[in-house]
Amino acid sequence: MEKRSVLQARSADTIGQQVCLEGWVRTRRDSKGGFSFIELNDGSCLANIQVVADNQLANYETEVKHLTPGSSIRVVGEVLQSQGKGQSTEVKASEVYLYGTADAETYPLQKKRHTFEKLREWAHLRTRSNTFGSVFRVRNRVSYSIHQFFQERGFLYVHTPIITASDCEGAGEMFRVTTLDVEKPPKVNGKVDFSKDFFSRPAYLTVSGQLEGEIFATSLGKVYTFGPTFRAENSNTSRHLAEFWMVEPEIAFADLEENMEVAEAFLKRIFTDVMNDCAEDMAFFNERIEPGILDTLKGIVESEFLRCSYTDAIEILQKSGHTFEYPVSWGMDLQSEHERYLTEQHFKRPVILHDYPRTIKPFYMRCNDDEKTVRAMDVLVPKVGEIIGGSQREERLDVLESRMKEQGLNAEEYWWYLDLRRYGTVPHSGFGLGLERVLQFITGMGNIRDVIPFPRTPGWAEF
């Protein structure tokens, strides 16, 4: 007997076939005619399949009539054309085998609606709900699309370290990695003696794989990293996580223009794949979570991303007549309200802002000849604002050293990074996309904690 998924069994192509399905009971209702209707789901798709089990089954009275939501079963039977609305097939069971029961009194996922906040407390079970099943099927498809996009374009997938001694962003919001006794650390001259630590120096969880990605790009050409990154930022907003996944391509011999082209094509590919391959889940989000999200995604895919300099954007905002919570001035870091105004009201399409003030950007971004701006870019989309951040990297050794000094960084700690400019330096560019940020946008989920399996936030590291 061939095992099939619920997704496969829901196809009209399987009508007349004998199948074996395994999954979890969503609901059961009994008929006075001596049979029961079981709604079965195995996570392969949003919808359930209806299983019809009658009193001819040996365990009908003892087990089938006592199945509760959350119980796990195996069903063997024939796929029939369904007479019910909204489904093309159903399964007439010849066997129902009970794997595990779920206590009806304590099983959390009952018919009543639970808030997403409450479901976070049951992260080990919330994936059985419609919403979170859809979220993680979409997350899977987006992750696959990321690899497909870069692999098809000749990028190499590289694994950069999770433990690092360097701070890519220069913000200092990093988790320390140590084996020292935190209650009685060794000290020298009144300070912690990190020479006694595991790595013989201070070490941290990485905030980005970019710097190590540049090593590979300057020898292998085009690479991308895709892995977990960490920020020890004490923020409890709906857009921040302490642990999240980042994809970071790095392209040798590429300027900012090419970087923009890749970023635009990248987003369009992800959105297209999700709409094509997760149509049922996306229809759910469009109906239940964020009405209009499908139109938004289609609009992005079909539009040409407009390029606009930071300086021009500031002028547009200042002349808009719009009242912003954060007053606009040149040199400030734009807030989401400014970015959303540009995409939703002024340009009415995605925008790539470029050439930001050097004072608000990291040391590695290439300086422009005006000595006031750097070759940075942010891709802005409606409803959220920035979704991708990137830049052309500074390939000139003397300028890079000057920038590091300007930002108070110890050049000796970045000796290997500087070596890349000493030995065959090349123009190169790259960007970063937070997986959870783009998932939040695609699904319309209001809180970023609901698009990652087990969120890590200040005061919360459960599961």
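Start at the hairpin of β16 and β17, where three residues lie between the strands and Lys 383 takes a positive phi near 80 degrees. Keep in mind that this is a predicted model.

β16 and strand β17 (residues 385–392) are antiparallel, paired over six bridges. Val 381 faces Gly 385 of β17 across the pair.

β16 also pairs with strand β15 (residues 351–357). This pairing is antiparallel too, with six bridges. Find Ile 352 here: its bridge partner in β16 is Val 379.

Now ask how many residues of strand β16 are buried. The count is nine of the nine, across residues 373–381, so the strand is largely enclosed by the rest of the structure. Buried here means under 20% relative accessible area. In a regular strand, side chains alternate between the two faces of the sheet.

Next, move to helix α10 (residues 397–406). Leu 400, Arg 403 and Met 404 are buried there. They span an arc of only 100 degrees around the axis, which means they sit on the same side of α10.

What covers the buried residues of α10? The cover includes β16 and α11 (415–422).

After α10 comes Gly 408, with a positive phi near 75 degrees.

Terms used:
Residues are numbered from 1 along each chain as its sequence is written. This is a predicted model: local features need pLDDT of at least 70, side-chain atom pairs count only at pLDDT 80 or more; totals for chains, interfaces and linings use all residues. Side-chain values use heavy atoms; hydrogens and water are left out. Buried means under 20% relative accessible area, exposed over 50%, partly exposed in between (1.4 Å probe, protein chains only). Helices (H or I, at least four residues) and strands (E, at least two) are DSSP runs, numbered from the N terminus. Two strands pair if DSSP finds at least two bridges between them. The arc is that of the directions from the helix axis to the C-beta atoms. Contact means heavy atoms within 4.5 Å.
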